[in-house]
Amino acid sequence: MDDAGWHARHRAKKDAERWSQPQRGPDGRYTPVEPQVHPMQEPFVGGFTLPDAASASTSGSPPVPPPKDNISYYHSTGTNGHSLSQTHSRTSYADTIRTNTTSQNSMIYATRHLANMTAVERSRNFKVARMNPYLQFMAGPLLRYDTVDNDGVWHGAALIVTADAGSTYEPHPTFTYSWDPNAQTAPQMHRRTDSRSTGHGSSIDLGPHPADPYSTVFPAANGDHTQLSPTAMTQNVLGEEIWVYCGNGGTFTFWRFMIHIPLSTREMRVTYTVNNGQHLHFFVPARNQNMRWAAFSCNGFSAGINPDDFRGPGFASGYDPVWSDLLAKHKEEPFHALVGGGDQIYCDGVIREPEMQEWVTTKRPEDKKAFPLTEEMRFAIDRFYFNHYCQIFRSGAFARANSSIPMVNMLDDHDLIDGFGSYPDDLMQSSVFGTIGARGYFFFLLFQCFVNVDVDGVIDQKHPFRSTIIGGPGPFIPFPSHSILSYLGPNIYLLALDCRAERMKEQVCSKQEYDAVFKRLYELPSQIEHLVLLTGVPIAYPRMVFLETALESKMNPLVALGRNGSLGLSGFVNKFNADAELLDDLNDHWTAKSHKRERNWLIEQLQYFAKAKHARVTLLAGDVHCAAVGVLKTLVKGKNKADIPPPIDFRYMINVVSSAIVNTPPPNGVLTMVGTLATKTHRTLHHMDTDESMTQMVVHPRANSSWAEETGAASNLTRLQGILFSIFA
């Protein structure tokens, strides 16, 4: 066994010991498995790492990217002398960065450029904008896109999370943003993107993060500066305190800033700062321009996956390769919106927390359902979600994206916990499992939508986000559903349907949610030509009813052996109610037996909408980690009759399914099975004169494929690009 394999096994053994033997700290509380996050040092907003050459010019230490999964980072000391990270490993994050060939080349490039400057110019280049008053960031700034109203005003918001003990709130945190309606062009956001190859067929050196104070050591792109023209408009917004988290490390405040920008005849770059600190940027479209937007899903790794295995040459983290590709596209032509299709974060690790172990290790499903929720468990659940969100949303390439492309996010199960909503009612109603889902949904609204129901209410007309559609009450969580209907251009709208808040094993969305959603759809302007419906899980996808039937059967010997832990098959059943492990995934699908009638009804309603509005409907999904395209169209009866041309077929809809932006592709055997099932003829919709199929995605294999293509991530993304651009152009 090689050293890497030994270390991986050793790490797994230590983790197992920690979970099975939770330890209490000096304060009497358990030591969490999810590392506690610490404030970021002031200049470092956005999850980047300080280059060596630049670090020599400042007394501050470089930031420590928060730990994720099995990646460990180096120990550093902040300006206040307190440890920022106490996690050690055989290969530190800093070592990875410093041994990266592209990073070394970047620093050589930077040093040569500095040598050609005067002393005064070099001094100016190393000056860092300091926030005044000072704020200690835990996460952010994060950006959210809301919609564009009938008057052509762009609406959105920003969110920051700050540590109260290290921040000054007199005056309140201030968000300053500026735009120039008379600018000739929208300058490129990134100061430099290096196209040097790593030797593996991919370009991954994106240059410095736009918030990096040391990015000025690189020559600025033409027109890329923070000086405002005389015609520029500036707004100052005081932060609104929408929630306070109280944890072991103190109190932490969530500040929301509402943003309103009148669109111009030109695309504009918006420059923003918090308390006059670092300048960051995002872009808004012209008044009559369709937005450029990117969609993604599955931004994390499933349990048992080592992210290092998917890091690839030259990358600091297995989370970054495809995000780096997206940021490269953003540099070429900036995106106006970033659509999260579900699983923006993987929160399954909540059950690893030490306070949860007695519940997790309870054998009998009946005892587990009746297990009482303790205050320690409630505290641990909130602690996990807070720490995990701060870590993921402020780290790596994803942090670069969420601070420079306004997000529109809709959740799926892993944003709460694996399979939430698709288990039997008795488990969903249990005290512990129900609380996990409820707090997961609360933190989804908070971190991903910048919403606190206690502050914002549940009335559409009074909601601060105009795109919000409030549905019915959740059957297992104390919140109503929050769907989103956002403008994407003069003739295009996005409907992100909340398919999780009201989900039950026999239901995806309630009648109340559907009524609210379709009411808003039929109120859209008459000039709408295209509706994009985001559903998380694909609507048009191969059936696996035979597998559902086998796994649900009480006669299945594998399930019985798994429940008894015999023959090493304990992993065949889940940890919650000892059902087959894959059953919740199958029950999640729109094509599952329990959801088939609702699915068919929804497709029919979308057909009625398309016919009434003379609009195209496109379905968008993720979840399955495999790029695919499903097709719905009018069923043509009779031999040798041609299909109705798509432009005049109101039933014609394609379902674009994205591959995971981070997670691993399914095993080859699963892909083969799904591919085989995709060729089957489905007659489910024939009574609606609708035909359904999966379309062939053309693949051109290359002899020297890159690492990312070999893992299936970049290849799936590349295959979809042509399809997506043709649909949304």
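## Terms and model

A residue is called buried when its relative accessible area is under 20%, exposed when over 50%, and partly exposed in between, computed with a 1.4 Å probe on protein chains only. The model is predicted, so that local features need pLDDT of at least 70 and side-chain atom pairs count only at pLDDT 80 or more, while totals for chains, interfaces and linings use all residues. Residues are numbered from 1 along each chain as its sequence is written, and side-chain values use heavy atoms, with hydrogens and water left out.

## Salt bridges

With a salt bridge taken as a side-chain nitrogen of Lys or Arg within 4 Å of a carboxyl oxygen of Asp or Glu, the count comes to 19. Helices (H or I, at least four residues) and strands (E, at least two) are DSSP runs numbered from the N terminus.

## A buried pair

Glu 692 and Arg 599 form a salt bridge with an N to O distance of 2.6 Å. Glu 692 belongs to strand S19 (residues 690-694) and Arg 599 to helix H18 (residues 596-613), so the pair ties together parts that are 93 residues apart in sequence. Glu 692 is buried at 5% relative accessibility, and Arg 599 is likewise buried, at 1%.

## Partly exposed partners

Within helix H6 (residues 321-332), Lys 329 and Asp 325 lie four residues apart, about one turn of the helix, and their salt bridge has its closest N and O atoms 3.1 Å apart. Lys 329 is partly exposed at 25% relative accessibility, as is Asp 325 at 27%.
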